[in-house]
Amino acid sequence: ILNVEQSPQSLHVQEGDSTNFTCSFPSSNFYALHWYRWETAKSPEALFVMTLNGDEKKKGRISATLNTKEGYSYLYIKGSQPEDSATYLCAFDEDNYGQNFVFGPGTRLSVLP
Amino acid sequence: NAGVTQTPKFQVLKTGQSMTLQCAQDMNHEYMSWYRQDPGMGLRLIHYSVGAGITDQGEVPNGYNVSRSTTEDFPLRLLSAAPSQTSVYFCASTLGGRNTEAFFGQGTRLTVV
C-alpha cells in the first residue's frame, strides 16, 4: 500500500498571512498528483492536477509546485483569507488505468480574522 | 448539470442490516470510485470501475459489493453492516486521462449501531 503523507496536520494562521503545506509521495511510478480543497459539509473540489516534474500551477492566491524526482509537492496560499479555511488533500495517481488515487490525510487550515 | 449525485446524505443502520448507497453521474465519465473517509486518515478506496460491466477492488473492499450496469450509476452495497463501517462515504468520477480531475458527490454519513 502506497504511503502519501501531508504536513502539517493542521495549521492556524491570521488573515493576511501566507502559508504553505507539503505533500510527500513515492517517487517511483509517478503518473499525476492532485490537490483538492475540502470545506466542511461539502465535497472535495479539485485545485490542481500536476503531471510534470517542475510543474508550477496557480489559481488566484493559491499555487503549487511539483518535484517528482524527490517525491514532494508544495501548496502555497498567499494572503490567507477566512474563506480559505478548509482541509487540503493531495492525491497520488500511480497509473493510467482506473485512476486509483491514494490520498494523504490532509492539512486542515483555519484562517482567523 | 448535476455532476455526481449521492443518496442518502445520512443513514443510521443497525448491525447486520444491509443497504445500498446510490451514486449517479451525468458527465459521461468512464471511471467511478467509492471512498470512505475516517478521522485522521485520507480517503481510502473501496471499489472502482473503469466502465460499465467492469469493477475491481480497492484498498478496503471487505464488506462491500458494487456493480456497474450503466455508465451513469455505481451503487455501493453493504451486505451486513458492522460498526467498523461507520464512516463518511464519497463517490467520485473522472473522465480518465492524465490531466483530468475527480468530481465528488456530497458524501453519505453512515452510522452503524
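**Close-up views of a two-chain predicted model**

**Figure 1. An exposed asparagine in chain A.** A:Asn29 is exposed, because its relative accessible area is 54% and the cut-off for exposed is over 50%. The model shown here and in the other views is predicted. A:Asn29 is found in the loop that runs between β3 (19–24) and β4 (32–38) of chain A. Although A:Asn29 is not a glycine, its phi is positive, at about 55°.

**Figure 2. An exposed asparagine in chain B.** The residue in this view, B:Asn28, has its place in the loop between β3 (19–25) and β4 of chain B. B:Asn28 has a positive phi of about 60°, and this residue is not a glycine either. With a relative accessible area of 55%, B:Asn28 counts as exposed, because exposed means over 50%.

**Figure 3. A cis peptide bond in chain A.** The bond that leads from A:Ser7 to A:Pro8 is cis, and its omega is near -5°. The proline of this pair, A:Pro8, lies in a loop of chain A, with β1 (5–7) on one side and β2 (10–14) on the other.

**Figure 4. A cis peptide bond in chain B.** In chain B, the peptide bond from B:Thr7 to B:Pro8 is cis, with omega near -5°. B:Pro8 is part of the loop that joins β1 (4–7) to β2 (10–13) of chain B.

**Figure 5. The extent of the interface between chain B and chain A.** On the two sides of this interface, 23 residues of chain B are in contact with 25 residues of chain A. The area buried between the two chains is about 2,000 Å², and carbon and sulfur atoms give 57% of this area. Three residues, B:Leu43, B:Arg98 and B:Phe104, together supply 30% of the area that chain B buries against chain A, which is more than any other three residues supply.

**Figure 6. Polar contacts and composition at the interface.** Three residue pairs in polar contact, with both residues at pLDDT 80 or more, are found across the interface of chain B and chain A. The count of salt bridges across this interface is zero. On the side of chain B that touches chain A, the elements that give two or more residues are β4 (31–37), β5 (44–51) and β9 (87–94) of chain B. Sorted by class, this side of chain B has 10 nonpolar residues, 10 polar residues and three charged residues.

Technical notes: Residues numbered from 1 in each chain as written. Chains lettered and ligands numbered in written order. Predicted model: local features only at pLDDT ≥ 70, side-chain atom pairs only at ≥ 80, totals over all residues. Heavy atoms only, no water. Contact = heavy atoms within 4.5 Å. Buried area = accessible area lost by both parts, 1.4 Å probe. Salt bridge = Lys/Arg side-chain N within 4 Å of Asp/Glu carboxyl O. Polar contact = N/O pair within 3.5 Å; in protein donor to acceptor, adjacent residues only side chain to side chain. Helix = DSSP H or I, 4+ residues; strand = E, 2+ residues; numbered from the N terminus. Nonpolar A, V, L, I, M, F, W, Y, C, P; charged D, E, K, R; others polar. Buried < 20%, exposed > 50% of the residue type's maximum accessible area, 1.4 Å probe, protein only.
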